[in-house]
Number of protein chains: 2
Amino acid sequence: MQRSTRQRDAIRAALQSARRPLSAREILADTQAEVASIGIATVYRTLKLLVDAGEVEAVPLPGGIPHYELAKLGHHHHFQCTRCERVFDVPECGSNLKELLPRGFTMERHELVLYGRCAACAG
Amino acid sequence: MQRSTRQRDAIRAALQSARRPLSAREILADTQAEVASIGIATVYRTLKLLVDAGEVEAVPLPGGIPHYELAKLGHHHHFQCTRCERVFDVPECGSNLKELLPRGFTMERHELVLYGRCAACAG
DNA sequence: ACGATATTGATAAATCATTATCAACATTTT
DNA sequence: AAAATGTTGATAATGATTTATCAATATCGT
């Protein structure tokens, strides 16, 4: 049976309050304020648990490590700051991507990642 | 001074005839027809050379390894087949992505990758 | 509170793409 | 052709993320 632990609560809370996708290391850093002894293994284990439960989704990034965010945010895309490397959510792009496909190809999903400077790093 | 070798010619030829981005391993496999003894180190070394020379561009993929294609193909996007993993080019999407940015963010570039079945795998 | 057992944390190990090493070899220059 | 040196290929090493191990600990049902 699955148990409720301070570590798991802290990881869920970190994902909820960040309002942006976090890497495993970011989650570790954020949760250490709540559970000082937490280790990286627990972060990875819990992320796997939450992803398998459908509570969290992995965000794959071109040339980067996966980030994680709460599932059920609706379809949207991501922005990664080229200076601080943080990832942010941006709204869906709306264009009809299926029109781009060569004949005979079928589309299941798409990933769009914008790169640039976030507000904090733009100055 | 830089020398012309069978290996380098084979790698250039593979990238030219593929007409789609290739991974290092795909390039190795394709060039072994021409130079049976070619090794993976030579593929990586030559790719680095060609990228530095501006002749080839690396295509970063979400959750995947970089693929390589000839530079100066103009702006476009990519499609990766979820079955055979091959990557294909698709035209630029055209929508105004800057509209998606939060206030204060600036955009430098973007990566769009479509996923699905290619014509050969769709059946 | 107790017992059963799920979970944790430190760290060793696994994974895997990429790079470094270096003797053998190929190419270019003389 | 011979010398000089750039290149190759096998493989060891690297680097970085992720997973496995296992004794110690925390949680939950009784």
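**Close-up 1. Polar contacts between chain B and chain A in the predicted model.** Between chain B and chain A, 10 residue pairs are in polar contact, with both residues of each pair at pLDDT 80 or more. Salt bridges across this interface number zero.

**Close-up 2. Elements of chain B on the side that touches chain A.** Strand E4 (87-91), strand E5 (106-117) and helix H4 (119-122) of chain B each contribute at least two residues to this side. E5(B) gives the largest share, with 12 residues. By residue class, the side of chain B that touches chain A holds 21 nonpolar, seven polar and six charged residues.

**Close-up 3. Extent of the contact and the area buried between chain B and chain A.** The contact draws 34 residues from chain B and 34 residues from chain A. About 2800 Å² is buried between the two chains, and carbon and sulfur atoms account for 67% of that area. Of the area that chain B buries against chain A, 22% comes from B:Leu100, B:Phe105 and B:Tyr115, more than from any other three residues.

**Close-up 4. Pairing of strand E5 of chain A with E5(B).** Strand E5 (residues 106-117) of chain A and E5(B) run antiparallel and are joined by 11 bridges. Within this pairing, A:Tyr115 has B:Arg109 in E5(B) as its bridge partner. E5(B) is also the element that supplies 12 residues, the largest share, to the side of chain B that touches chain A.

Notes
Residues numbered from 1 in each chain as written. Chains lettered and ligands numbered in written order. Predicted model: local features only at pLDDT ≥ 70, side-chain atom pairs only at ≥ 80, totals over all residues. Heavy atoms only, no water. Contact = heavy atoms within 4.5 Å. Buried area = accessible area lost by both parts, 1.4 Å probe. Salt bridge = Lys/Arg side-chain N within 4 Å of Asp/Glu carboxyl O. Polar contact = N/O pair within 3.5 Å; in protein donor to acceptor, adjacent residues only side chain to side chain. Helix = DSSP H or I, 4+ residues; strand = E, 2+ residues; numbered from the N terminus. Nonpolar A, V, L, I, M, F, W, Y, C, P; charged D, E, K, R; others polar. Pairing = 2+ DSSP bridges.
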